[in-house]
Amino acid sequence: MSILLILEQVLNGLQFGVMLFLMAAGLTLVFGVMGLINLAHGALYMVGAFAAAAVAGLTGSFLLALVASLAAAAAAGAIVEVAVIRRLYDRDHLDQVLATFALILIFSEGTRWIFGSFPLFLDVPDYLSGPVSLPGGIEYPLYRLTIIAIGLVVAAALFWLIARTRIGIQIRAGEADREMIAALGVDISKLYTLVFALGAALAGLAGALVGAIQSVQVGMGEPVLILAFVVIVIGGIGSIKGALVGAVLVGLTDTLGKVFLPQFFGLFLEPASATSVGASLASMLIYILMALVLLVRPSGLYGGST
Amino acid sequence: MKAIKTLALATAVSALAMAAQADTKIGMITTLSGGGAGLGVDVRDGFMLAIEKAGRDDIEVVIEDDQRKPETAVQLADQMIQSEKVDIMTGIIWSNLAMAVVPAATAQGVFYLSPNAGPSALAGKRCHENYFNVAWQNDNLHEAAGAYASAEGFKNTFILAPNYPAGKDALTGYKRMYKGDLAGEIYTKLGQTDYAAEIAQIRASGADSVFFFLPGGMGISFLKQYADSGVDLPVVGPAFSFDQGILQAVGAAALGVKNTSQWNKDLDNAANAEFVAGFQEKYGRLPSLYASQGYDTANLILSALEKADVSDKDAFRAALEAAEFASVRGEFKFGPNHHPIQNIYVREVIKEGEVFTNKIIATGLEMRGDAYAAECKM
């Protein structure tokens with residue numbers, strides 16, 4: 001195995017991690033600030049992808065499609081927050097899980113009702129398609145590099161928003177003590193709607209970006225949702241920094257694990273069982289990572305001590 | 001009060017009348033919601049097209065959605081057999097659901113005709129006299145892909161499939177007919193959507209071709225990412241990743257790919273021409289291979305009902321075995337284990353006007369049965 005191939009796989013892991021970060025950022029904010037377990041976050045990812053595919057189909061513009069995904073997911077998020085989620089903040093986690101699971105079903109069947117049962121077409125725009133040559137001779141798809149760049153820009157913007165702006169101060173205060181910030185005169189319910197819509201918009205953006213290289217279909221959000229939960233548990237609930245570090249860790253572990261584990265087992269097993277055992281173990285790897293992190297730091301890498 | 005009683009009586013009478021009229025009851029359990037709904041919808045639409053064309057009002061079809069969950073399928077099957085008293089069952093798409101439902105149904109004397117799933121166990125050791133597969137044994141299309149790869153002179157193929165029973169069947173089937181070496185063999189995660197790591201391995205492996213079995217959304221993801229990666233080795237796969245329902249979502253990335261199927265819309269026979277035109281007229285879209293399988297299943301049942309009543313199980317079974325119906329695939333007959341013996345074709349993805357579709361370019365395997373028939377003792 002050459003160094004170049006390893007580098008290429010590291011890039012792949014990084015790209016996967018950055019995509020997971022977009023999902024996990026919203027999830028961790030909502031969980032941290034409002035104490036809400038939102039299973040419907042994956043549905044918002046799907047909404048973003050379908051909105052992007054529909055707009056790209058109508059206008060042919062990928063940029064407009066991205067804007068549409070942000071707008072549609074944010075709008076869906078805000079509506080859901082006002083109509084349903086708001087009633088769940090004071091309930092226990094089981095009620096929240098039940099209600100947001102119902103939202104998944106409603107979103108899935110609603111999407112099928114509007115768009116039909118067959119996957120939609122959304123492609124990488126011409127100016128981003130195809131591979132580029134990186135220093136050292138790696139041929140790497142330009143679109144994946146773009147995803148990495150967009151993800152890093154979004155991460156920087158989020159850090160700035162949380163650390164430097166007035167809204168960021170309110171979000172952090174809401175996380176620490178919700179009664180106190182309400183007593184200080186901040187409109188907490190408006191803040192919650194805003195945070196929820198922001199998280200939804202990021203999920204929608206992730207759906208649209210990934211939809212271009214994957215399949216835009218009903219139920220596409222749920223597998224990613226599970227990974228996003230793993231990310232925020234590893235990173236520490238409520239921490240954007242934790243979400244970023246956790247997402248990159250999960251992305252790298254998953255990608256490198258599935259490449260190298262089968263080869264590792266190939267050293268002392270026959271090829272057929274090595275691929276099979278390696279593949280099975282690789283799909284467990286991120287959960288093993290999660291267990292190890294929790295063993296050492298029960299509240300996650302950057303979790304508060306509360 | 002009296003009015004209500006009269007109404008109730010009238011309803012009961014009309015229900016009885018309907019029950020008396022429908023002497024054959026068919027239960028269809030298929031996937032109509034969730035990720036794989038496109039396949040179930042196609043099977044159902046193809047099936048119902050044939051039933052409506054026959055214009056027989058003595059056949060009643062009960063349709064239920066299994067949501068792709070084995071436990072739901074088992075519940076629905078129990079309900080259909082015990083309270084609905086169906087005579088014939090059909091519809092299941094997925095092999096794991098078929099394994100959960102079929103043995104129990106056939107053991108209770110119900111005929112089961114599979115319009116899609118063909119797990120090896122049901123073709124071999126656990127075959128049953130009341131179980132018929134109208135589609136294919138799971139390995140068939142992969143075997144044809146292997147035969148085609150050898151015929152094309154590919155010597156070093158990279159193969160991949162998801163890590164679950166049908167994925168292992170797929171690679172086994174391919175290797176059964178493929179004569180060259182393997183540049184690599186990967187089992188991916190079921191439901192995986194990102195294939196960057198696998199594509200990098202393909203690029204580094206020095207392979208001369210790629211075979212993959214990634215049904216549904218997995219195949220869409222793989223093909224788009226493969227096309228975008230700049231790797232341009234020839235790709236061969238079974239029809240499941242190139243059927244009419246998903247080709248439009250893959251787009252130009254699939255153009256030129258060779259895939260194997262027992263059916264295509266350009267097969268030249270009268271039954272097929274009628275089917276393709278009828279399906280387009282009724283549903284406004286091109287039929288997929290799943291729709292063709294549903295259509296054939298219904299026509300097989302209709303042909304058997306012409307000859308025997310379903311209550312006479314032996315006569316009805318013999319009529320099914322004879323398979324005297326005009327299949328849209330052309331020549332079609334059953335092997336000793338009630339699985340098809342049929343041609344498997346090689347198709348190429350092309351663009352017709354604005355629509356991506358397939359055309360047949362060769363015959364991969366002629367009148368192919370399956371590898372498990374010898375293990376079946378009926």
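Mentor: Two residues are in contact if their C-beta atoms, placed from the backbone, lie within 7 Å. The model is predicted, so local features need pLDDT of at least 70 and side-chain atom pairs count only at pLDDT 80 or more, while totals for chains, interfaces and linings use all residues. Residues are numbered from 1 along each chain as its sequence is written, and chains are lettered from A and ligands numbered from 1 in the order in which they are written.

Trainee: Which residues is Ile341(B) in contact with, leaving aside its neighbours within four places in sequence?

Mentor: Ile341(B) belongs to strand β12 of chain B, residues 340-352; strands (E, at least two residues) and helices (H or I, at least four) are DSSP runs, numbered from the N terminus. Once the neighbours within four places are set aside, the contacts of Ile341(B) are Lys333(B), Phe334(B), Gly335(B), Met367(B), Arg368(B) and Gly369(B).

Trainee: Does Ile341(B) count as buried, partly exposed or exposed, and why is it what it is?

Mentor: A residue is buried with 20 or more other C-beta atoms within 10 Å of its own, exposed with 12 or fewer, and partly exposed in between. Because Ile341(B) has 17 C-beta neighbours inside 10 Å, its class is partly exposed.

Trainee: What distance separates the C-alpha atoms of Ile341(B) and Ala98(B)?

Mentor: Along the chain, Ile341(B) and Ala98(B) are 243 residues apart.

Trainee: Among contacts in chain B between residues at least 6 apart in sequence, what percentage joins residues at least 24 apart?

Mentor: Chain B contains 13 helices and 13 strands, and its C-alpha atoms fill a box of roughly 80 × 45 × 40 Å along the principal axes. Of its 378 residues, 56% are buried. Within the contacts in question, the share joining residues at least 24 apart is 71%.

Trainee: Which element supplies the largest share of the side of chain B that touches chain A?

Mentor: The contact takes 40 residues from chain A and 32 residues from chain B. On the chain B side, the elements giving two or more residues are α2 (37-54), β7 (181-188), α8 (196-205), α9 (217-229) and α10 (244-250). The largest share, seven residues, is that of α9(B).

Trainee: How many residues of α9(B) are buried, and which residue follows this helix?

Mentor: In α9(B), 13 of the 13 residues are buried, so this helix is largely enclosed by the rest of the structure. The residue after α9(B) has a positive phi, near 85 degrees, and is Gly230(B).
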